[in-house]
Structure formats: C-alpha cells, structure tokens
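Hi everyone, thanks for coming.

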Amino acid sequence: RKISYSSSVFSLVQARPSLLTGAGFCTENPSNPNPIFLPLWDMAVGFSPLSAAALCYCALNRIKRCNFGSWSAKVAREGFPQFQLKGSEAAKPRSPGEMAGGRRSVLVVVCVVLLATGGVCEVLELTDSSFQSTVNEAELAAVLFHAPWCPHCHSYLSDVFSPAATLLGSEDITMATLDIDAAKEVQTKYVIQQVPSIRLFRKGQMFPYEGPRQQVGVADLVMYLREERDKQGLEENPVITLTNDNFDDITTSELILVEFYTDLCVPCQRLEPIFADAARQLQRETPPIRLGRVQIPDQMKVAERFPLEGYPLLIFFRRGTQYNYTGPKETASGIVEYMRQQAGPSSIPLEQTVDVKRFINRRAISVVGYFHEDTDSVLLREFRESGNLVRTEMELGHTHQRGVAGGMGQDPDTIVIYHPVHLVSPWETGHSVISSPPSNASQLRQLYLEHARPLVGQMTTGNHDNLYSHRPLLVAYYDIDWSSDGFKATQYWHDLVASAARDFITSGVVFAIANEEDFLDDLR
C-alpha cells in the first residue's frame, strides 16, 4: 500500500539526485527485530552505493538522527560493518537466514539530506519597501503572491514552493513570497487579482508564469524554473521599439507583430510581460519572428494610419501588408503558436499527383488550386494571398502541371476544397469545387469558409470564430480522440450526429462535434 508513494519520490530524485543520500525498500520480518534494507540503485535514480549504505545503516540500527557526512567518511576509510558492497550491486545481508520466517510487509524508506557542498535556498518574505530592490538584483526571481486568509496559499507554500526552494539550493534563482494584503502597492502595480499566483522577474522585468499548476509536484516546479533560468542567454527583451522614423522600414522587410499601446492602459500593462516572453521565444525561430511596440501618443504619425479604437491593438505585417491579429492574448504560448502559423509559404507547390493525394489525405481542411502553366497569372497570385487570410483554418497547395490536374479529375483554373478525411460521412463527397474562382483574395477566402465545413465538422478553439460563427449551430460535445485507441468510439458518435444532420441539409442548421475539454468554460 505504501509503494504508490514512490512515484513522487522518483520524480523528486530526478529533479536533483545529488541532494539525496539514499532510498530503498525495507522488508520487515516479525521474527527478526532488524529490517533488511534493499537500496534502489537498480532503479536508475542516481544514488551511489555508499550513499545508500548510509541509509541502510540507519534503517538497520533504527537511528532517527544520523550524521551522514561523517559516517560516510568513516565507511570510506574502514568499510561498512554489516554490508559488503561490490560496485553498484545491491547490498546483501550478511546472513541469508535473516530473510526467513513470518509474513513480510513492504515499507518505503526515504531520506533527503543536503550534502556538505549543497546550499539552502531561503524563501524571502518581501514587502512594499523590499520588493523592487530584490527583483531588480535577481537574475531570475520566482515570487509567490499569497494572502493569509487563503488556505490553498498555505498548502502550496509548505508542500511545493518551499521544498522547491530547498531543492534548488544555491542555484541562481531567487525564491520569494509577498502578502498582497500587506503590500497593496505591489499588488496594484502588477495587477495581482488571484492567489496563490506566481510571477517571474528578470532584473526587475516581470514575465508571466506558465509552469505547472498547483496540483503538480515539487519536481515539476524545479525543472520549470531551471528551464526559465537557462533562457537568460536570450536577449532580455527583444521587443522592438517602433517610431515614426523606423516603422515603415521594419514592417516592410519582415513578418512582425505590432502592439499599439498607451502607458496608462491597464490591459496594456498586463500584456507587456506576456508580449516580451513571446518575443523571446519567437526570436529562436528560423528565421526569427519579430515583435514590436508603438507607444501612443508619442508616435501619432504612425498611429493616425490605423483605426485605433481601443488598446492594446495588435496588427501583424507581412512585407508591408497589414493583417488583423485574431489570436489569443492571454498567454505567451498562444501568441507564439499563432505567429508560427503565419510564417512560411502561404501555399505549398505540388508537383505530382502523388503529392496532391498525400496533401489532401490528412486531418485538416485542404485547398488545392489547379492552374495553367502560366505561373504568373493573376489568379495564382491572388490564390497565394488568400492563403495568408486563412492560415489558422486551412492549408493551401497549388499545382500548374496539366497532368496533375487531369490525374485528379479537375480542369485547369479550378480550386477544390477537400474536407478532412476522418470527418467525411457516407452521405457526402468530401470536397467542394469552385469552377470559376474570382481573382480576388478576399472573395476567395469567403468561398473557402462557405464550403470548408463538412456535413458534421469538428469545431476547435482555432476555427470556431470563423467556421462556426453561423447560427443556428448544433454542437455535440464529448471526449474526442482520433488516435488508434479512441478512433472507433469517436467516429461512432460523429456518424450518429451525421445521420441526423443529413435530414437538415436544406434547413440552414450547421452541425458540429467538439472536444469537451476544449470548451469547458463555455459549457459551464
């Protein structure tokens, strides 16, 4: 019954094995007052035989307090009195007969001690007066905002945050707490509205915490903070300051996301650390994706060119062409994922029939343009531009090989929207043909959206604003799993909805399925 606890022990060891002297299973025999301790070095958790032997000695002799450092040194000089160690082999009892007799129960014995070379990371208690100087000096500071009336804060501090600080030891990570009831000035400045809440600071600049949630253990927090510490080789804040003088030069030469903001705007203040964190991550892309900011009203010559109805306003530019940002703003990871989708070619060249079949035989909405050999046609140029308008909803490919169009049964200058193969029911063809496409990117986008939905498509957080904004809309929410394990069950419910939807094809009702976990907030 005790063994289940060992999983958290192992994750703790993986976080910093050098802090552990030993762990193992202890078999206790009622007829023998001395338990036999079996070290766990075969479990690949990083103990040395000497470290485990130290704990064995304490277990065998029932010692509650033991100076492991001095005792291990003694063993190294004189040898271990009850065990004979051979390399990394398991310790063996001196007499095999000690294992005989009676019923045995299994206990897990764990001892965590700091080595003489390790350090103890103190959790600092910050105030309004000490906060700024502390975070300004720290290479990386993790600050836990809490309140005395919050029971979750007390448990998280004692069970996760403080043990994580101990494991981090003398590493260059400052661990601190701040009582928001006593430090109103800091709480107001950084808009802390929920406790317990963690924020990261690098040399005084705040970054959002996107690590493990409260229910996750100590080791996960330690590993996350180490990953954040290792990011410091990147430029601290790579967000470009855009001005009236450099705006056109920068936005016409590369893909860049631009934020228009004002200093007094509270939502702008909340977005600032998120925006900076996203910029640090995107600068590692090949080529890097840049983020910039325009301060209003200082740069009014630039601001007057855009419809600034509210702040913060996000617009991205691709070689000078302006596009509305429709992605998330709440997390850096959301901004990063959206901007990654905006990078790369808007349409993939497909040279052979097999390339087209491979392209459309996926779990995504695919649009293929079959064009004449004239690669500079206006229609092909507008088709490529239309791909920039639907990057988050579908993927585009094109071919100007006459044999490829014929092999797919299509005429030149035809655009075909292929539905995801796993969402095509027996009552539909699986594709829609635009035989006389307009030579206008915006009009092409509108046609894609009108024909992109199969009889019963899958609504996601990425497509619900554009593909599933139609009303009336009927959605079946359940646990969707298209992997081999859950495919049959998922398809069963999809086809069941489709069998009902076919009776309403001309009614104007749109049918969809959706993964319940993705829309829990909406369902609540």
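Let me start with a term: a polar contact is a pair of N or O atoms within 3.5 Å, where, within protein, one must be able to donate a hydrogen and the other to accept it, and residues adjacent in sequence count only if both atoms are side-chain atoms. Quick background: this is a predicted model, where local features need pLDDT of at least 70, side-chain atom pairs count only at pLDDT 80 or more, and totals for chains, interfaces and linings use all residues. Residues are numbered from 1 along each chain as its sequence is written, and side-chain values use heavy atoms, with hydrogens and water left out.

Okay, E351. You'll find E351 in the loop between β14 (348–349) and α12 (353–360); helices (H or I, at least four residues) and strands (E, at least two) are DSSP runs, numbered from the N terminus. What does E351 touch, leaving aside neighbours within four places in sequence? Q401 and V404 are in contact with E351, contact meaning heavy atoms within 4.5 Å. With Q401, the side chain of E351 makes a polar contact of 3.4 Å. And G403 sits 52 residues from E351 along the chain, with 9.6 Å between their C-alpha atoms.

Now the sheet. This one is open, has five strands in the order β9-β11-β10-β12-β13, and its pairing is mixed. At the edges are β9 (240–242) and β13 (321–324), each pairing on one side only; two strands pair if DSSP finds at least two bridges between them. Strand β12 (residues 313–318) runs antiparallel to β13, with four bridges joining them. There, F316 stands opposite Y323 of β13.
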